[in-house]
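Subject: Structure handover

Hello,

My notes on it follow.

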Amino acid sequence: MTPDCLFCKIIEGEIPSKKVFEDDRVFAFEDIDPKAPTHVLIIPKKHIVGLKEADPNDAEILGYMQLAAAKLANERKLESGYRTVLNVGPDAGQSVFHIHLHLLGGRKLSWPPG
Ligand code: 5GP
Ligand code: ZN
């Protein structure tokens with residue numbers, strides 16, 4: 001656990017969240033400010049700052065996060081269309097510096113994103 005990290009505190013239960021899935025590697029919870037009917041954040045239990053800070057040792061967990069998103073999307077019957085998103089760096093809107101995969105679905109999603 002990294003001190004002063006909001007998402008590490010959510011994993012530990014120090015800050016409450018609406019958990020949707022947890023195993024030994026990832027934790028998934030409802031976004032506090034949802035941008036779609038389904039807006040879930042999937043985070044690794046290991047503190048990784050963001051995609052550009054990840055290293056080759058993180059390849060497995062990065063893929064595992066995507067597969068966790070696909071499993072949740074399947075359970076929620078979102079397979080007519082959903083999106084998984086990593087915002088990387090401040091110009092892309094990354095506001096929490098513990099990597100998190102957004103799972104968005106349940107409405108038509110336009111392209112390109114803003
Ligand atoms: P980013 O903008 O970094 O890609 O995404 C951060 C996301 O975390 C945002 O969608 C924001 O609504 C969500 N978020 C920020 N603080 C909290 C919180 O305390 N609880 C939950 N559940 N989501 C949060
Ligand atoms: Zn963290």
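Helix H1 (6-12) and strand E2 (26-30) each supply at least two residues of the shell around ligand 1. Helices (H or I, at least four residues) and strands (E, at least two) are DSSP runs, numbered from the N terminus. H1 gives the largest share of that shell, 3 residues.

Some ground rules. This is a predicted model, in which local features need pLDDT of at least 70 and side-chain atom pairs count only at pLDDT 80 or more, while totals for chains, interfaces and linings use all residues. Residues are numbered from 1 along each chain as its sequence is written, chains are lettered from A and ligands numbered from 1 in the order in which they are written, and side-chain values use heavy atoms, with hydrogens and water left out.

**Ligand 1**

The shell holds 16 residues, and the closest are Asp31, Gly93, Ser95, His100 and His102. A residue counts here if one of its heavy atoms lies within 4 Å of the ligand. By class, the shell has 7 nonpolar, 6 polar and 3 charged residues. Nonpolar covers Ala, Val, Leu, Ile, Met, Phe, Trp, Tyr, Cys and Pro; charged covers Asp, Glu, Lys and Arg; the others, Gly among them, are polar.

Now the polar contacts (pairs of N or O atoms within 3.5 Å). A backbone N or O atom of Gly93 lies 2.7 Å from an oxygen atom of ligand 1. For Ile32, a backbone N or O atom is 3.3 Å from a nitrogen atom of the ligand. His100 uses its side chain: an N or O atom there is 2.8 Å from a ligand oxygen atom. Ligand 1 taken alone exposes 520 Å², and the protein buries 83% of that. Areas come from the Shrake-Rupley method with a 1.4 Å probe.

**The largest pocket**

Where does ligand 1 sit? In the largest pocket, meaning that more than half of its atoms lie within 2 Å of the pocket's grid points. The search runs on a 1 Å grid over the protein atoms alone; a pocket is an open set of points with protein on both sides within 12 Å along at least five of seven lines, and lining residues have an atom within 4 Å of a point.

This pocket has about 770 Å³ of space, a volume filled by probe spheres set on the points. Of its 32 lining residues, Asp31, Lys35, His39, Leu41 and His102 are the closest to its centre. H1, E2, strand E3 (38-44), strand E4 (82-85) and strand E5 (101-105) each supply at least two residues of the lining. H1 gives the most, with 3 residues. The lining divides into 15 nonpolar, 10 polar and 7 charged residues.

**The cavity**

A cavity is a set of points where a 1.4 Å probe fits but cannot get out. The whole structure has 1 cavity of 30 Å³ or more. The volume of the largest cavity is about 40 Å³. Its lining is Gly50, Leu51, Leu86, Asn87, Val88, Gln94, Ile99 and His100. That makes 4 nonpolar, 4 polar and no charged residues.

**Backbone checks**

Most residues other than glycine have a negative phi, and most peptide bonds are trans. Asp4, in the segment before H1, has a positive phi of about 65 degrees. Trp111 and Pro112 are joined by a cis peptide bond, with omega about 0 degrees. Pro112 is in the segment after E5.

Best wishes

Conventions. A polar contact is a pair of N or O atoms within 3.5 Å; within protein, one must be able to donate a hydrogen and the other to accept it, and residues adjacent in sequence count only if both atoms are side-chain atoms.
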